[in-house]
Structures are given as C-alpha cells and as structure tokens.
Amino acid sequence: MGNAIIDAAVAAINEKLGGETFDGSAKFEIEGEGAVMVDGTGARAAEDGEAADVTMSADADVFQDIMSGELNATAAFMSGKLTLDGDMGTAMKLGGVLS
C-alpha cells in the first residue's frame, strides 16, 4: 500500500533530478511516514532496512518545506530540524539537487 507523502516525495525528487543520475545513495526518512531512497536510478520508496551512503531524517513538515524551497536543507541541518547519519559529502550533493 502506497503512502501519499512518500509517493509525493518520490515524485518531487525525481522532478528535481530532471533525469540526471545521482552519484551515491541517500535515504530520506520522513518521521512516521517511511523513507525515500535516492540513487543512480532516481528516487523511489525505500525498503525497510535498506542501507545508503547517508541517511537524513526530518518530520513531514520540514521535508515539505525543503521540497518547496521554503527551507534550505543546510539551514534545516544547522538548526537541528534535519539530522544526518553517514557521508556529509553525499548529503551536500543531494542538498544541491533539492535546492
């Protein structure tokens, strides 16, 4: 069964990628909703326990603000609204794509 927030996140990230491939893998965990995996094939719903170079976690409101451009991913991280676990360089690359 699909999750509307995850489905919308997958669509939004794929749109921002614009057909470009992403070098590396990043998982975006949306608290209480699920996770999105971004890798060389684009964005998709992540499987439970799927590993990535970096895992970013935020609540749905923060994630939606980042996707809409209202909140910069770096600012979200600096203010503690977004947490990172893993490779900071990969996270920065994804932040560049999302902004």
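**Helices and sheet**

Student: Let's start with helices H1 and H2. How do their axes lie, in distance and angle?
Tutor: This is a predicted model, to begin with. The axes of H1 (residues 4-17) and H2 (residues 60-68) come within 11 Å, and they cross at roughly 25°.

Student: What does that make them, roughly parallel or roughly antiparallel?
Tutor: Roughly parallel, because angles under 35 degrees count that way.

Student: Which hand does the crossing of H1 and H2 have?
Tutor: Left-handed. H1 brings Ile5, Ala9, Ala12, Ile13 and Lys16 to the contact. From H2 come Ala60, Phe63, Gln64 and Met67.

Student: What's the make-up of that contact by class?
Tutor: Between H1 and H2 there are 7 nonpolar residues, 1 polar and 1 charged.

Student: New topic: the sheet. What's the strand order?
Tutor: E3-E2-E1-E4-E5. The sheet is open, has 5 strands, and its pairing is mixed.

Student: Which strands stand at the edges?
Tutor: E3 (42-45) and E5 (83-86). Each has a single partner strand, so one side of each lacks a neighbour in the sheet.

Student: How much are neighbouring strands turned against each other?
Tutor: By 20° on average, with direction ignored.

Student: Back to E5. How many bridges join E4 to E5?
Tutor: There are 4, and the two strands run antiparallel. E4 covers residues 54-58. Take valine 54: its bridge partner in E5 is glycine 86.

Student: Where does H2 touch the sheet?
Tutor: H2 packs on the sheet at E1 (26-30) and E4. The direction of H2 makes about 130° with that of E1.

Student: And which strands does H4 touch?
Tutor: H4 (residues 88-98) touches E1, E2 (34-39), E4 and E5. The direction of H4 makes about 60° with that of E4.

Student: Zooming out, how many helices and strands does the protein have?
Tutor: It comes to 4 helices and 5 strands. From the N terminus on, the elements run α-β-β-β-β-α-α-β-α.

Student: Last one: what radius of gyration does the protein have?
Tutor: It has 12 Å. A compact globule with 99 residues would be near 13 Å, so the value agrees. The C-alpha atoms fill a box of roughly 30 × 25 × 25 Å along the principal axes.

Notes
Residues are numbered from 1 along each chain as its sequence is written. This is a predicted model: local features need pLDDT of at least 70, side-chain atom pairs count only at pLDDT 80 or more; totals for chains, interfaces and linings use all residues. Side-chain values use heavy atoms; hydrogens and water are left out. Axes are lines fitted to C-alpha atoms, for helices over the stretch in contact, and angles run from 0 to 180 degrees between N-to-C directions. Angles under 35 degrees count as roughly parallel, over 145 as roughly antiparallel, 65 to 115 as roughly perpendicular and the rest as oblique. A crossing is left-handed if the near helix is turned anticlockwise from the far one by less than a right angle, and right-handed if clockwise. Contact means heavy atoms within 4.5 Å. Ala, Val, Leu, Ile, Met, Phe, Trp, Tyr, Cys and Pro count as nonpolar, Asp, Glu, Lys and Arg as charged, and the others, Gly among them, as polar. Two strands pair if DSSP finds at least two bridges between them. The radius of gyration is taken over C-alpha atoms; the globule rule is 2.2 Å times the number of residues to the power 0.38.
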